[in-house]
Amino acid sequence: MQKRKVVLTFPPSLIDQPVTYHLIRDYDLVVNILKAKISPKEEGRLMIEISGKRESLQRGMNYLQELGVEVQPLAQDIIWLEERCTHCTACASICPTKAIAVDRKEMKISFDKEKCIACELCVSVCPYKAIEILF
Amino acid sequence: MAKTIAEINEKIKKGKAVVVTAEEIIDIAKEKDIKKAAQEVDVVTTGTFGPMCSSGVLINIGHSKPRIKIEKVYLNGVPACADLAAVDIYLGATALPDDDPRNKIYPGRFNYGGGHVIEDLVAGKDIKLQATAYGTDCYPRKKLETWINIRDLNEAILFNPRNATQNYEVAVNLSDKVIYTYMGMLKPNLGNAYYCSAGQLSPLLNDPYYKTIGIGTRIFLGGGVGYVVWNGTQHNPNVPRTEEGIPKVASGTLAVMGDLKQMSPEWLRGTSITGYGADLTVGIGVPIPILNEEILRYTVVSDEEIYAPVVDYSKSYPSGSSEVLCEVSYAELKTGMITVRGKKVPAAGLSSYAKAREIAQILKEWIKRGKFLLTEPVFLLPSVDAGITFKDLKERPIE
């Protein structure tokens, strides 16, 4: 089993298509929708965690690309601006997935993008705008 | 044997002073006996880096031709106080642009306010100044719009009427709704807790009765050199204390001042507190001269011995009662988990311990290299014997 967090971008022609349904039924993938939105330009954005057999996952990705859905890793949409971070640790206690952790000896923050589900709780809590989520 | 500040300064000038941080002294005192440590160590450096609302800058922009006596002024769209002489301006850290939506769109973001202008100013960025006046015979001009830059100002002085509060409350939320406070976003039903002190590194917790800190004490301020100029507002020495003298609630405070031109945006940071407002995060480090054993004993204080009161910010704080739910030590707070009413509550800081540590180290290096000499305070901050009583406002209705 493999797991990936990706952001799918749908062109206007595809926003009414049941793409997720096909990923689940035709490719036997587990799809966990983290976030979804349609922008004023009618571009669809879907943030998902997707898991399944390695081969199925690859076939699913090919299906998306052939359809014209742009796939990019979620990590690209999450930016920790370390130079703005003061390591106050305000974000650490509200992070639901422990993507943000505190080294208790150094009292410094570390950020594991792979664990991040882009819930953005930290964005509103950070007084220094040290985390940007572009989704 | 007691030492004087003059003697310590002689050692600093010769590069022979023994300087350690308020964290390092804890282990040193454990290894040696207090008496020996007091003889050997000359200075203990402290540090703190947290949001400090009562902060601001005083600038003099120089006279325009023709002259203007500024009545209303904006810096990058943020209003400042011009109710001084013609071109003296005081910008407070919490000031907001007139068109900021505040909490009309709840919770407000407060992306840019006075603290952010101060960070931009100290970073050497151009600041847009817009001023108006009513015009007089001697100051005829009524409107001024210009870019200004810190390098061209006559004076740029950081003047913070209340910083470095000695101990602070731990904020929690007993209600069933999320609340947004100056102590951060608090989740319902004791969902989380925020604290705001550097604990064992915090300046006033290392000199709890203000036996060395007073008017004229030279300090690290915002990355440059500043001075303690008075006690801070709401300075309140007469609070419950532990046997060692550590205040169990917020107590002493410092008013500080220094040349902004020497400071750095790394240690003066614009701050946005969701649902509350704009602010400035300030870096302060105070050197404590080890004049005798007693002073050393105070600096040895550790997080296990410093207790903060836990207060409900949903009802108790806003109503003004600030009833204490329980006390927790900074050692517990720094584990990231405290227990309140039998419930495990995740705790996090608003004040950066890592940066406080860095400040204490920088100040230590300055002193060791002979760059920074200690000063003899003109007089010490008022202590428990000064007869200060802390007053809440007594409202007298106006008929």
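B:Leu129 lies opposite B:Thr146, a residue of strand 9 of chain B. The model is predicted, so local features require pLDDT of at least 70 and side-chain atom pairs pLDDT 80 or more, whereas totals for chains, interfaces and linings use all residues. Residues are numbered from 1 along each chain as its sequence is written, and chains are lettered from A in the order in which they are written.

Strand 8 (residues 127–132) of chain B runs antiparallel to strand 9 of chain B, joined by 6 bridges; strands are DSSP runs of E of at least two residues, and helices runs of H or I of at least four. Two strands pair if DSSP finds at least two bridges between them. The open sheet has 4 strands in the order 6-5-8-9 (chain B), paired antiparallel. Strand 6 (78–80) and strand 9 (143–148) of chain B each have a single partner strand, so one side of each lacks a neighbour in the sheet. The twist averages 25 degrees from one strand to the next.

The domain assignment, automatic or from a database, divides chain B into domain 1 (5–52 + 163–378) and domain 2 (56–157). Their contact takes 20 residues from domain 1 of chain B and 22 residues from domain 2 of chain B, where contact requires C-beta atoms, placed from the backbone, to lie within 7 Å. On the side of domain 1 of chain B that touches domain 2 of chain B, strand 18 of chain B gives the most, with 6 residues.

Between the chains, the contact takes 25 residues from chain B and 18 residues from chain A.

How values were computed: Two residues are in contact if their C-beta atoms, placed from the backbone, lie within 7 Å. Axes are lines fitted to C-alpha atoms, for helices over the stretch in contact, and angles run from 0 to 180 degrees between N-to-C directions.
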